[in-house]
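Keep your viewer open and follow along, one selection at a time.

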Amino acid sequence: MRHRLVWLGLVSLLGCTSQDEGLLVNLQTDLRAGVEFDLVTVDIDGTQRHSVEVGTSDLFGRARYITSYPALTPGRHAIRISLLEGGAERATRTLSIVFTGSYLATAVIARTCVEFPCAPGLSCAGGRCVS
């Protein structure tokens, strides 16, 4: 009986980790969900958008899954993650990746980047504009 449980556990684990997930997008921020932002948007190359509503029970102090793009084509992509409150953009972060089939992108958006203006092509990271 014990061997069957171990085998079942191994099969379940392999089933969860062996699939190609495409692009997974996580968010980490010190802003309070449901208080300082109520919507997260993720844009890929300015064309593919996912929006996720958040509330006070959603915690982002550690990286947390937002969305996935399982059918993303290989190549260079720009991922723009924005935090909005009442429809107004509070903070944004743009990541540039080279996608080859499986990728986990984590956007870290710090409080120091709230309403922090950066020139086109740059985004705020830790209170500074970076490329």
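Why is the disulfide of Cys118 and Cys129 left-handed? The torsion about its S-S bond is about -90 degrees, so the disulfide is left-handed. Before you select anything else, note that this is a predicted model, in which local features need pLDDT of at least 70, side-chain atom pairs count only at pLDDT 80 or more, and totals for chains, interfaces and linings use all residues. Residues are numbered from 1 along each chain as its sequence is written, and side-chain values use heavy atoms, with hydrogens and water left out.

**Stop one: Cys118 and Cys129.** Their sulfur atoms sit 2.2 Å apart; a pair of cysteine sulfur atoms within 2.5 Å is what we call a disulfide. Cys118 is in the loop between β7 and β8, and Cys129 is in strand β9 (residues 128-130). Strands here are DSSP runs (E, at least two residues), numbered from the N terminus. Cys118 counts as partly exposed at 24% relative accessibility, and Cys129 does too at 33%. Partly exposed lies between buried (under 20% relative accessible area) and exposed (over 50%), using a 1.4 Å probe and protein chains only.

**Stop two: Cys113 and Cys124.** Here the sulfur atoms are 2.0 Å apart, and both cysteines are buried. The structure holds 2 disulfides, and with the bonded cysteines numbered in sequence order, the pairing is 1-3, 2-4.

Notes:
Helix = DSSP H or I, 4+ residues; strand = E, 2+ residues; numbered from the N terminus.
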